[in-house]
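Hi,

Here is the structure I promised to pass on.

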Amino acid sequence: MRIGLTALLLCLGCLLQAQNEFSSKQYQFIAYDKIPTWKGVATNWNESLKKVYLFDVEQYKGHGNFVCYGLKTGLRFNQFKELVRHPDKRVYLPIFLYDLRTMPIQKDGQVYTWAVRLEDYSYTDSRWSMERTFVELMEVVERYIKQQVPEVGKGIAILASPSASLPNLTIREGIEKAGYVTMTLGELIKRASKKEAKEKTKIAPKQDGYWSANVLNEGVAVGYLRFVKEGEETQVQSDFKNILLYQQIPYRVPIANGILTLAPQTPFSHINLLAKNRGTANAYLTQQLPSDFRAKYENKLVKIICKKEKGKNILTIEPISEQAAQLHWSSQRKLKIDLPKPDVSVRAFSHFTTGDRSVQTVTCIGAKASNYALLYHELPNYTRPGFAIPFYFYFQTIQACGADQLIQTLLKQKHQWTKERLHKQLETIRNAIMGATLKEQVFKELEIICKQYYKGKKIRLRSSTNCEDLPEFNGAGLYVSKGFWEGSERTVIQQKILEVYASLWLVRAFEERDFFGIDHSKAAMGILINEAFPDEYANGVALTLPNPTGTPSIHINTQYGEQSVTNPEGKAVPEVIYFRQLNSKWYVTESKSSIHNIFVENAALTPLVRQLQSACATLDTLLKKELEHPVHYGVDVEFKIMKEENKFRLYLKQARLLNVNLPE
């Protein structure tokens, strides 16, 4: 399908009267946790008048989706792909445009403030054809940018390694002869990391308290602005009257009235998902603080407004009186989540292989275990056998050691106690549980399971409560999980189980439940038992997200080996791919792993990524079928890839609902 020049220009003219995305930074997002980036499309490649369009990645789920709906062409993805891959048919080129103005790169006396990467679509060009195409693309993008910022610096052409698909380093010589510096994506990320650390530009507010920021969760926050230095994140205590400004991204954020960071966040980072779940305003400042900022605002009462208006991010900070602050706090929505009463009638371990499915529920064994049971029954080919210790054994333990009486005292007196007294009582409860003795039945049932299913293997004891992984309350990271090897002494096993039980009364867990108005007397701890995954080939997280243009999209973050996807060490970049819809035939590569590719350019794992796509589609339907407003939710699936007998296997580790709070 070819688009006539007149019709296309008319359509594009109606779409945008004037393009200023580069100068205004509209539609920008952060890639690789550090580089301001746009997705865009160069159009009319078969005509003399070529144009560049940058688009909103929150509205359009990819290049083809934007061409279809944003440019109103109606092209299906396979049609769009044909008009990208082949030089004789080419109409579009999908690009990533990197904004380096806040981290300019200098080379041979020149300053480079932008870079372009051409999305890999398995191009059929010859090397010479691709060289000419990329040079022309750089020229087209440069003209587009200079129309908005005439004095902008030069651009960098981002090329893949020689073994990768075109455009790769085999065309470097021709690109550089045309006057453009070339780099690989890894080189750009490395240079950007150094610039980020050394050359952030100080700025002042734009005007009257307006700040340059990226708003991730809209809202109004009122509180004392507390600055949290790098390395001091764990020292911060929950306080609803605080607004926390973090120098770096923390692993976990305590209760606060608002969240700001100086380090970039992504829309689906753990901090922002937490903010959406709590209804807390959240944003990150896109440039360094001016020198007088802390003297002006730190530890003072301020009002912060985070909002998006006509595609622009607006963040204001202004002083507020104590009287106005008290009025705001008293008017804020009081959260209250009602937990069902835990069912303690099940007095034997739950076997997912042979057990009764009617008791494999949140009220009997907790959300994590019940979701794993669902995985096992619905997707048995990708799930290893699992078992659960029901709530009955937790209540039996706390009653035998007297912790239940300590808990009752806590719940009766907590409103009269200071925070220090409350924390001390929680510690006393945990110590009492750690001093308990488990009943003989626990050891016997566990030994039978281990000998039959886990001989010589490591076993995971995963916390599974009735107050986590719920639609209204995810509770991620509140409780602890432990492991032991089959054949371990009973004293070791007992300690591990009791540590999991005691974690129900960690300070962070108690305060989070309290914030959501949860009745602590109904909180119960079960334990999911399954095999640990040592020496995995890869691990990852897949997330389904509502898509206004069709079925949900699937976003897959994967990392090689045991390197964490959610909390990577150092500057490790995960592989990120996504399917625009649940049933899409192709996935789009957003980034490659900085360690080792997984699905990308790995034909051996193509069957596994298809299996994962199918599993995500199945679980999205199952977990969201009873929700009143499913568009507000995504499904989070943790997975592992193992290499067994020279074959790769996909295993599902966990599935849960996430409240992403997207508009309907």
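This is a predicted model: local features need pLDDT of at least 70, side-chain atom pairs count only at pLDDT 80 or more; totals for chains, interfaces and linings use all residues.

Residues are numbered from 1 along each chain as its sequence is written, and side-chain values use heavy atoms, with hydrogens and water left out.

The sheet is an open one of five strands, ordered β17-β18-β21-β19-β20 with antiparallel pairing. Strands are DSSP runs (E, at least two residues) and helices are too (H or I, at least four), numbered from the N terminus; two strands pair if DSSP finds at least two bridges between them. β17 and β20 (482-485) sit at the edges with a single partner strand each, so one side of each has no neighbour in the sheet.

Now to β18 (residues 386-389). Gly-386 and Ala-388 on one side, and Phe-387 and Ile-389 on the other, are all buried (under 20% relative accessible area, 1.4 Å probe, protein chains only). Two antiparallel bridges pair β18 with β17 (residues 350-351), and Ala-388 is the bridge partner of Ser-350. Towards β21 (residues 525-531), there are four bridges, again antiparallel: Ile-389 is partnered by Ile-527, and Phe-387 by Ile-529.

Cheers

Conventions. Buried means under 20% relative accessible area, exposed over 50%, partly exposed in between (1.4 Å probe, protein chains only).
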